[in-house]
Amino acid sequence: MLIETFALERWMTRWELDVDCDIAESGILPLSLDELFGLLGKDIAAEIDREIHRMPLAYSEARGTQALRSVLAATYARADSEDILVTTGAIEANFLLFHSLVRSGDHVIAVSPAYQQLHSVPRSIGADLSLWDVRTDDGFAYDLNRLEALLRPDTRMIVLNSPHNPTGAMLSQDQLRDVVALAERSNAWILSDEAYRWLEHPGGERLPAPLHDLSERAISVGTLSKPFGLPGLRVGWFAANPEVVQAAWGLRDYVSLSPSGISDALARMVIGHRDMILARNDRIITDNLSTARAWFAEHADLVSWSEPRAGLLAMLRYNLPVDSVTLADGLARDARVMLAPGSTFGLEHHLRIGVGQRPDLFAEGLRRTAEYMRAGRF
Ligand SMILES: Cc1ncc(COP(=O)(O)O)c(C=O)c1O
């Protein structure tokens, strides 16, 4: 298989160990096991601690344990454990779904810009990819007319990501219904990457229901990584009809075989008691949004953004005569701040910013960014 280099991953790997203020990260601040157990409370923590210490470190159930799949299925309106495949992160779920459902020459429509996997994998399969651009004159938003214009009778799949990495755009419940109606016209699958599920903003808009609730042809992809700060457990999943689960499982036998048993057990606890963990996100997001609003107002001559409607990511636009890789490299090297270059998403003169990190480092990162930009030594 020939596939393009994953530009953002490579850029971040180059700098992530060298910077003081990583404010490009895509998830909520990661938790240690001690912190996770602290949030779950003494009794639940003691129970899961015992379980993982006594567990044989054997291969685990290939689809994810029945217990975890049942807990996950209960988060959807019309799924049972047969409709769930637990995967090595959302990234494996997406990969398996593209390879199970798309063939060379198939027409696929994907939101753009996007987490690069959502373009590069279908392209590597030989799909004929049309991009549904979310850019508007004053920010980023989904426009259903644009999607309709791209739709063909032979469209095989529509790829969504909402809340959106990297712009923070979001599809409303009504728009999601319209996407389903459009997909039904062509009998297309909808791959809905919901990596940012559960990441509402305190006092902000409510997230619509997962797309699998609306249609048999819609597949909802989820993960522990972004909402729970647990990317190191490498637990993702998707909810789909059982034929799709079987097809992707058949492929998975050749890739990662089964989830880690320890991760599976921890995931069951996290999903089952998710409110205890999600409450922690509110403080981080509230603090960082308020810092960001003040910073953008103070430096309006230099930078602007369209505030994320939900999720953790947004694009910062800057008014400087320098390309985004040169600026982001300079910020990382000289100011030790990480903001990801927009060019890795095909958006020049932008940097991707994440509001999920430690509030003190977020504020310091923004302070240094303005200082560096104003000094003009790139
Ligand atoms: C939209 C989107 N999908 C999928 C992933 C992969 O996440 P994971 O494999 O950690 O669940 C990411 C990670 O950044 C993402 O932003």
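Me: What lies 2.9 Å from an oxygen atom of the ligand?

Reply: One looks here for a polar contact, a pair of N or O atoms within 3.5 Å; within protein, one atom must be able to donate a hydrogen and the other to accept it, and residues adjacent in sequence count only if both atoms are side-chain atoms. Here a polar side-chain atom of arginine 234 is 2.9 Å from a ligand oxygen. Aspartate 193 has a polar side-chain atom 2.6 Å from a nitrogen atom of the ligand, and an N or O atom in the side chain of serine 26 is 3.5 Å from a ligand oxygen. The model is predicted, so local features need pLDDT of at least 70 and side-chain atom pairs count only at pLDDT 80 or more, while totals for chains, interfaces and linings use all residues. Residues are numbered from 1 along each chain as its sequence is written, and side-chain values use heavy atoms, with hydrogens and water left out.

Me: How many residues surround the ligand?

Reply: A residue is near a molecule if one of its heavy atoms lies within 4 Å of it. In this model 14 residues surround the ligand, and the closest are Ala90, Asp193, Thr223, Ser225 and Lys226.

Me: Which elements give two or more residues to this shell?

Reply: Helices (H or I, at least four residues) and strands (E, at least two) are DSSP runs, numbered from the N terminus. The elements in question are helix H5 (89–101) and helix H9 (225–228); H5 gives the most, with three residues.

Me: Is glutamine 357 buried or exposed?

Reply: Buried means under 20% relative accessible area, exposed over 50%, and partly exposed in between (1.4 Å probe, protein chains only). Glutamine 357 counts as buried because its relative accessibility is 9%. This residue is placed in the loop between strand E15 (350–354) and helix H14 (359–375), and its side chain reaches the backbone oxygen of glycine 27 at 2.9 Å.

Me: Is alanine 74 buried or exposed?

Reply: With 65% relative accessibility, alanine 74 counts as exposed. Alanine 74 lies in the loop between helix H4 (66–73) and strand E2 (84–87).

Me: Where is alanine 328 found?

Reply: Alanine 328 belongs to helix H13 (residues 324–335), and it counts as buried because its relative accessibility is 0%.
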